[in-house]
Amino acid sequence: MQLHGYPYAPGSSTVIVEMREEVWRAAGFDTMPVAESIESCAKIFTDALGGRPLRSNKSAWTTFRTLVTERWSHGNVVLLGDAAHTAHFSIGSGTKLAVEDALALAACLGERASLPEALAAYEEERRPVVASTQRAARASLEWFEDLARYVGQPPRRFAFNLLTRSRRVTHDNLRLRDARFTEAVEEEFGCPPGTPPMFTPFRLRGLTLRNRVVVSPMDMYSATDGVPGDFHLVHLGARALGGAGLVMTEMVCVSPEGRITRAARASTPPARPRRGGGSPASCTRRRRAPPSASSSATAAARAPPS
């Protein structure tokens, strides 16, 4: 369970309580009246709130959804801000995007000869900016959903991951903003002086990689009836010569019948080749796990600032 708070006026702050859906249900918030759940949250976060109460302001539990619209206008009706697109509140860009939309729309209306041209120019200008912000917001959302992975880290490392969670603030960018903090994080992490963290060793159980660069080549479909040959030696070897700490193989199908084509690699021993069909259902490849599919419940309330 997490509490996000930020001031919106002198003497008042917006407070958002966020948690995974299973936690929301376990706390009984799914059946509890909203007013009662707000009082319960105030008790849970009494230390963070300094004992101050939470005041409802049309508060409701909801699951955040990223809104993407195909068109931002129809005739003389134009969408902007949250009506056209949403970004998770954890990056605090909702109002900023809406104001920038309004400014861009006004400028396009003044610069273009006709309404259709102005609206087309408005979308063309704003869509890339919004898409970039939504990608950053998605990364931030996923970071908070997986917060349990980070809470056990040393304080500075946790703060570093918090600051860089959206990927908009990079390691080098943070160094420019606060060199002393970044150097302290690197020292705690064990980076030799002048060595970027990417080029420090990584240990996974009994495996130690010389650096943290991982290359995953695309499937070239060049196997002979499922058996790799000299082509793969050169193809994968060339990736290794680049100095990557780990070179992953291309897709390997778990059975001849599971190959996409006969030129796909299969794990059947060469001594017993078998020809199979074209279903890809049995093909496997190492890849990053998909983001958490569970939703988070949030509620907004008001509280006096500390």
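**Helix packing, aromatic rings and loops**

Modeller: Please note at the outset that this is a predicted model. We may begin with two helices, α4 and α5, which are roughly antiparallel to each other.

Biologist: At roughly what angle do the axes of helix α4 and helix α5 cross?

Modeller: Helix α4 spans residues 94–111 and helix α5 spans residues 115–145. Their axes come within 8 Å of each other. Angles over 145 degrees count as roughly antiparallel, and α4 and α5 are therefore placed in that class. The crossing is right-handed, and its angle is roughly 155 degrees.

Biologist: How many residues of the contact of α4 with α5 are nonpolar?

Modeller: On the α4 side, the residues that meet α5 are L97, E100, D101, A104, L105, C108 and L109. Those they meet in α5 include L115, A118, L119, Y122 and V129. The residues of this contact divide into one polar, four charged and, as the number requested, 12 nonpolar.

Biologist: Is S73 buried or exposed?

Modeller: S73 is found in strand β4, residues 73–74. Leaving aside neighbours within four places in sequence, S73 is in contact with V78, L119 and E123. The cut-off for a buried residue is under 20% relative accessible area. The relative accessibility of S73 is 14%, so S73 counts as buried.

Biologist: What kind of aromatic pair do W143 and F144 form?

Modeller: The structure holds six aromatic pairs. In the pair of W143 and F144, the rings are 5.2 Å apart, centre to centre, with 85 degrees between the planes. Planes over 60 degrees apart count as edge-to-face. Both W143 and F144 are buried, and the pair they form is edge-to-face.

Biologist: Which residues form one aromatic cluster with W143 and F144?

Modeller: W143 and F144, both buried, belong to one aromatic cluster.

Biologist: Which helices are included in what covers the buried residues of α8?

Modeller: Helix α8 covers residues 179–189, and F181, T182, A184, V185 and E186 are buried in it. Just after α8, G190 takes a positive phi of about 100 degrees. What covers the buried residues of α8 includes α6 (155–163) and α7 (171–177).

Biologist: Is R167 exposed or buried?

Modeller: R167 has its place in the loop between α6 and α7. Its phi is near 70 degrees, a positive value in a residue other than glycine. A residue counts as exposed over 50% relative accessible area. R167 has 55% relative accessibility and therefore counts as exposed.

Biologist: Where does Y221 lie?

Modeller: Phi of Y221 is near 50 degrees, again a positive value in a residue other than glycine. At 35% relative accessibility, Y221 counts as partly exposed. Y221 lies in the loop between β8 and α9 (230–241).

Biologist: How far apart in space are R212 and P201, C-alpha to C-alpha?

Modeller: R212 lies in the loop between β7 (207–209) and β8 (214–215), and at 33% relative accessibility R212 counts as partly exposed. Not counting residues up to four places away in sequence, R212 touches F189, P197, M198, T200, P201 and F202. R212 and P201 are 11 residues apart in sequence, and their C-alpha to C-alpha distance in space is 6.6 Å.

Definitions and conventions: Residues are numbered from 1 along each chain as its sequence is written. This is a predicted model: local features need pLDDT of at least 70, side-chain atom pairs count only at pLDDT 80 or more; totals for chains, interfaces and linings use all residues. Side-chain values use heavy atoms; hydrogens and water are left out. Rings of Phe, Tyr and Trp (its six-membered ring) pair if their centres lie within 6.5 Å; planes under 30 degrees apart count as stacked, over 60 as edge-to-face and the rest as tilted. Buried means under 20% relative accessible area, exposed over 50%, partly exposed in between (1.4 Å probe, protein chains only). Axes are lines fitted to C-alpha atoms, for helices over the stretch in contact, and angles run from 0 to 180 degrees between N-to-C directions. Helices (H or I, at least four residues) and strands (E, at least two) are DSSP runs, numbered from the N terminus. Angles under 35 degrees count as roughly parallel, over 145 as roughly antiparallel, 65 to 115 as roughly perpendicular and the rest as oblique. A crossing is left-handed if the near helix is turned anticlockwise from the far one by less than a right angle, and right-handed if clockwise. Contact means heavy atoms within 4.5 Å. Ala, Val, Leu, Ile, Met, Phe, Trp, Tyr, Cys and Pro count as nonpolar, Asp, Glu, Lys and Arg as charged, and the others, Gly among them, as polar.
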